[in-house]
Amino acid sequence: MIEQYLVEHCAPTLASMKTANLFSCRCSAGQELEENVKYWDGILKRKGISVRLLRKSGGRALVYVYRRALLERDLRRPGVFRLLQRYGYTSTETGYALDRLSSRLDGGSGFPHEIGLFLGYPLVDVTGFIENRAGGCKYTGCWKVYGNVRGAMRAFARFDRCRRAYLQLWRGGRSVIFLAVDR
């Protein structure tokens, strides 16, 4: 099950075109999903990719697939820490920041929109989304764009081509580990 989600929802991350992707899936009360996440995390680590369960609640789970090196770079960008501080983050160290994001997801105080920073979205788009309460964007694709529309449209087209190609290859018998590029 999780292999198909990895290809359908995380192809740009597998291809090292994007920092991270997130997908929601059903989960049972047992440990099957946790075991699958741990298995894929172990398999993909050698390619520089991590798989983490961010939230599990009400029979649903949020699974986060990311390239640690790209996430570390994104969290060090100018202005990112200042925005994260508004939501109680005291560090941009990757492990801490992901733990804080996960606790905010479990907190029940609404969806933490800073999650866009963890998905590689431009800071201007994340702050625009937050400040405009999801309204008034210039363009909508993989995310709502408040800044560089042309750049975002090019990225969205690349992500879509990647996803289609990876799905075709996977349906033709290629494994996720084959599709995941090295760091």
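Here are some notes on the fold, the surface, the salt bridges and one leucine of this chain.

1. **Ground rules.** This is a predicted model, so local features need pLDDT of at least 70 and side-chain atom pairs count only at pLDDT 80 or more, while totals for chains, interfaces and linings use all residues. Residues are numbered from 1 along each chain as its sequence is written, and side-chain values use heavy atoms, with hydrogens and water left out.

2. **Secondary structure.** I get nine helices and five strands for the chain. These are DSSP runs, numbered from the N terminus: H or I of at least four residues for helices, E of at least two for strands. Walking along the sequence, the order reads α-β-α-β-β-α-α-α-α-α-β-β-α-α.

3. **Overall dimensions.** The radius of gyration is 16 Å, which agrees with the value near 16 Å for a compact globule of 183 residues. That radius is taken over C-alpha atoms, and the globule rule is 2.2 Å times the number of residues to the power 0.38. The C-alpha trace spans about 45 × 40 × 25 Å along its principal axes.

4. Of the 183 residues, 43% are buried. The classes are buried under 20% relative accessible area, exposed over 50%, and partly exposed in between, with a 1.4 Å probe and protein chains only. Taking contacts (heavy atoms within 4.5 Å) with a separation of 6 or more, 55% come from residues 24 or more positions apart.

5. The structure has ten salt bridges, meaning a side-chain nitrogen of Lys or Arg within 4 Å of a carboxyl oxygen of Asp or Glu. One of them joins Arg52 to Asp99, with the closest N and O atoms 2.5 Å apart. Arg52 is in strand S2 (residues 49-57) and Asp99 in helix H5 (residues 94-106), so this pair ties together parts 47 residues apart in sequence. Another pairs Asp106 with Arg55 at 3.4 Å between the closest N and O atoms. Here too helix H5, holding Asp106, is linked to strand S2, holding Arg55, across 51 residues. Asp99 is partly exposed at 46% relative accessibility, Asp106 is partly exposed at 48%, and Arg55 is partly exposed at 30%.

6. **Other salt bridges.** Arg164 and Asp160 meet at 2.6 Å, N to O. Both are in helix H8 (residues 149-171), and because they are four residues apart, about one helical turn separates them. Asp160 is partly exposed, at 32% relative accessibility. Elsewhere, Arg73, Asp74 and Arg77 are linked in a salt-bridge network.

7. **Leu123.** What does Leu123 touch, leaving aside its neighbours within four places in sequence? Its contacts are Pro78, Gly79, Val80, Leu83 and Leu117. Leu123 belongs to helix H7 (residues 123-131) and is partly exposed at 24% relative accessibility. Leu123 and Arg100 are 23 residues apart in sequence, and their C-alpha atoms are 19 Å apart in space.
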